[in-house]
Amino acid sequence: MSGFLTRVRAVLGPTNTGKTHLAIERLLSHASGIIGFPLRLLARENYDRMVKAKGVKSVALITGEEKIVPPGARWFSCTVEAMPLDRKVEFLAVDEIQLCADPDRGHVFTDRLLNARGLVETMFLGADTIAPLMRRLIPDVEIETRPRLSQLSFAGATKLGRLPPRSAIVAFSAAEVYAIAEAVRRQRGGCAVVMGRLSPRTRNAQVALYQDKDVDFLVATDAIGMGLNMDVNHVAFAGLQKFDGRQPRPLIPSEVAQIAGRAGRGMRDGSFGTTANCPPLAEERAEQVESHEFEKLEQIFWRNSELDFASVPTLLASLTTLPNRLGLVRGNEATDVQTLDALSRDTDLMRRAQGRAATRLLWEACQIPDFRKLATDTHVKLVAKVFTHLLAREKLPEDWVAGEIENLDRLEGDIDLLMQRLTDVRVWAYITARADWMTDADTWAMRARAVENRLSDTLHVKLMARFVDKRAAHLTRRLEDAEAEELQAIVTPDGLVSVEGHDVGRIEGFQFHPDPATQGPEKKILLRAARRALGVEMPRRILAAETAADDAITLSDDRHFIWENVKIAKLKKTDIFLKPGVEVLHSEFLDGLARERIRARLAAWLATETEKRLGALLKAMENPPTILRGIVHRLSESGGVLPPEPFTPELRQEAKKFGIDMGRFAMYLPAALKPGAARLRALFWGVWYDRTPPELPAPGLVCAPMPNNWGYDFALAMGWVQVNDIMIRLDVVERVTRELHYLVRKHQILLPPNLASRMGLKPEQLAPTLNVLGFRVFPASVQSDKYFGPPAPAMLGRRKQEQQPRQRQAVAPMRKQERESETVTVDANNPFAALAALKVARR
C-alpha cells in the first residue's frame, strides 16, 4: 500500500486514553478499512463491536487461526501479522505501534509503520515513547498526544491477604501464577487466572468470571497489559522482572506503566503497587509511571520485506540484510527465519526446494507460528512435512490432518497438559485456515476450532476447580453488598432454600437450583444470602454422602451414582473392564478435597458391590491355573462370558473345577448370569463402550423377545442366546441342549413333555428353536399311549383325531414300526449344526 498520498496520523498516549475507540469510529466512518491489533483476542473483540455497528455481512475477521470474510466485507479486524495489505482500503490503522521496539515481533510492526497505508487515512495508535523516532522516519506524520482519562497513583506494598477487592495480581511465570492463585484461594476465596498461553476462549471465560464478580481477584502474567479492558481498581506486582525468551531481565518503566495502566478505566481512578515477595518499587520509577514520562525510543527493529526467492540461500541472505536507515536495527532472529535456516541444512529437502515457486512455498510453510515454543525440532519437522505434502500434492492429505487433530481432541490431563494441547491445536487452526493448503479449508478450520473450544472449556473448568472455592461461605466473603449478610437464610431437611421466608431455590445433591420465579432487583441479594446458607449445608451433605450406608447408594441405568434420589457422580472408563473409575459431577460447591472424599466413598461402595455381584469372577482372576490363565484373562476383559471355542475334555474338566462352564454356545461363569451380576456387567459394558446399555429382561425370565437394539454379541455377553426373533437364557440353553445330546447319543427320542416350559417357549416356538440349536424335529406316528407316554406339549401338523392317528413330535432315530415317518437329520446349514452331535437315522 506504500506510494499513496494519504493522511498519516499518530494518536499516542498512555493506557485509558480512548485511542482504540477513536480508531474504530474513524474506521467505520470510511467506506472501507483495516485495523490491525497485536492479539487475536483484541481482533475478535473489536470484530464483534464492528459487527454490531455495521452488520455481519459487511465486517471481516482475519487472524492466523481464524478467517471470517463475507463476500461483501468492507471493514476488517485483523492481527497485525494477518493484515491483508494487498487490499486497497480508504482507512488503515495499527494498534500498539510502540511494539516496533519488541525484539521478537517488532519487525512486523515496523513494516506496517513504513509501508502500510490507507488510500485516504492511516492511523497509528500507541505509547508516545515512539513519537520522536516516528517523526524522523515519517516526516509528514501528524502526531496527536492524548492524556489519560483518569489518575493512576502508587499505593506502595500490600500483603496478599489485604489487597482490596477488584485487584489484579501480576506475576511473570506460570509457577508464580499458580502459587499466588493458590494463596488467594486460601485467603480470599478464589481468583480468575489469565496467562498468555490460554486460548482466547479460556481467557474470555476467566475474565468473565472476574467481571461477573464471581471472584474479586485476578492473577495474571503481563498478558493483561495489552488490551484487556476489565474493572480493575488496583494492580499489584508480585515481581518486577521477566524472562524475555533468553534470560531474566528487569521490567523497564514503560512496561510497568503498560501493566499498571489496567487499573482504573474511563473516569475511575486506579492504583498500583507491590505484593507477596516482590521487592520494593523504586520511588523514581513509581513517579515515572504516575506521570507517564519515559525515555523515548531511539531505535526500532526492522527486517527486509523485499525478499529474493531465487533460491533458499538467496532468500536467507535477503532476510538478513542490514537496515540502511538511522533508527532501524535488526532484532532477534524470528521463528520463521530460524526454521528456514534449520531446513536449509536438510540436503534431501533442499533438492526439492528448487526454483522460485518451491522456495516461496517453503517460506510460506515457515510462517506457521510456533505457539508451542518447545525449543526442540518438533516445529521444524512439522514445517518440513507440510512443505513436502504441498510440493507433492498441492493440498495437505486430509487423513493426516484428521489424525493430528483427533490426537489432540483429548480432555484428560492437568492444566499444563491441556494448555500444551491448546497451543498445539492453535497451530493446526492456522494450517487449516489456509484455503490454498486445504481442499475444504472452512470445514477443517471449523473442526480445529471445535477441538480448541472443547479444550478451552475443559481448561476453564479445571482452572476454576483449582483456583476458585465456590462454597457459599467464600462467595459471601467476597460480596461487596453488605445487605446480603443481614438476611436470614435456611435450608430445610428436604433441600428447600429459603431467605427471609421466601423460597429462592432447591438443593439437590450438591447442586443448587435457583427458583426461576425469583426476579427483580432483590434477586441478587437473595441468592447471595441463599449461597451463604449453603456454605453451612454443603459440608453437612458432603459428610452425609461420605458416611452413607451402602443401601443408600445405587447405580442408575445411565451409569450414574444415585444418592438421595439425585445423581452425584458417574462411572468412567479405566484400563480394566471390571474396575471402572468414579467421576464426581461438577458442582460449584465442591472443592478438590470434598470431591475426593465423595469419590473415595463411592469407589469403596462400587468395590463392595462388584465383589458382591461378581465375586466369583474376581476370585477367578486372582490365581488361575496355568492352563486357564488365558481364558480367565479374556473372561475378565469381557465381563464373564466369551464365545465358544474348541476345547479338550481335560481343559473342560479343569475349568469346571474352577467354576467355568465350557459350553457349546459360550464359555462363562454361571454366577455372572444372575440378575444383579448381569445388570452390573451391563453397566460396565456401557462404560467400556461409552454407550447407555440396552434394558435387560426382567429377573426370572427364561425367554424374551429379541430387542431391536440388541445384537447377537451383546446378547451373548449378557448371558442370552439369540434364536430367530427371541432369546433364551444362556445357562438354560446349555443345560437343555446338554441333556438332549445325552439322550440322543444312541437313538432318537420323543420330545420330553416339559421341554417348552423349561425354555419359556410357546408350543409353536419349540420346533423352530430346537432347529436353530442344532436339532431336527419331526412328527412320529403314535401306536400306543402306554409306549410313548403322556401327550407331548406341542405338536406339528396335528389333525383331527377321528380322521387320522394322533401324532407327536420326536427327535433322534425312529423304531422299525415307525419308519414310515420323517427321519431325523443334522441340518448342515444351521449355524449350530456342528455343535449338535446327532446321529442320522438309518432307513
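Helix H16 (441-467) gives the most to the lining of the second largest pocket, with five residues. This is a predicted model, where local features need pLDDT of at least 70, side-chain atom pairs count only at pLDDT 80 or more, and totals for chains, interfaces and linings use all residues. Residues are numbered from 1 along each chain as its sequence is written, and side-chain values use heavy atoms, with hydrogens and water left out.

Back to the pocket. A pocket here is an open set of points on a 1 Å grid over the protein atoms alone, where a 1.4 Å probe fits, with protein on both sides within 12 Å along at least five of seven lines; lining residues have an atom within 4 Å of a point. The second largest pocket holds about 710 Å³ of space, a volume being the space filled by probe spheres set on the points. It has 20 lining residues, and Thr458, Val461, Lys462, Glu583 and Val584 are the closest to its centre. Besides H16, strand S25 (566-572), strand S26 (581-584) and helix H20 (592-622) each supply at least two lining residues. Helices (H or I, at least four residues) and strands (E, at least two) are DSSP runs, numbered from the N terminus.

Histidine 560 stands opposite lysine 570 in S25. The two strands form a hairpin with two residues between them, and glutamate 564 in the turn has a positive phi of about 55°.

On the other hand, S24 also pairs with strand S23 (residues 553-555), antiparallel, over three bridges. Leucine 555 stands opposite phenylalanine 561. That hairpin has four residues between the strands, and arginine 559 takes a positive phi near 75°. Buried means under 20% relative accessible area, exposed over 50%, and partly exposed in between, with a 1.4 Å probe and protein chains only.

Next, a sheet elsewhere. Three strands form an open antiparallel sheet in the order S27-S29-S28. Its edge strands are S27 (641-642) and S28 (661-662), each pairing on one side only. Two bridges join S27 to S29 (residues 667-668), and valine 641 stands opposite tyrosine 668.

Now two helices. H2 (residues 40-54) has 15 residues and reaches 21 Å from its first C-alpha to its last, close to the 21 Å expected at 1.5 Å a residue; the expected span is 1.5 Å times one less than the number of residues. Its buried residues include Leu42, Ala43, Asn46, Tyr47 and Met50. An α-helix has 3.6 residues a turn, so residues three or four places apart point the same way. Glycine 55 follows H2, with a positive phi near 95°. H25 (residues 730-743) has 14 residues and reaches 20 Å, close to the 20 Å expected. Among its buried residues are Val733, Val736, Thr737 and Leu740.

Aspartate 269 lies between helix H7 (253-260) and strand S16 (270-274). Why does aspartate 269 count as partly exposed? Because its relative accessibility is 47%. Not counting residues up to four places away in sequence, aspartate 269 touches Ser150, Gln151 and Gly264, contact meaning heavy atoms within 4.5 Å.

Finally, the whole chain. There are 28 helices and 35 strands, and 52% of the 843 residues count as buried.

How values were computed: Pairing = 2+ DSSP bridges.
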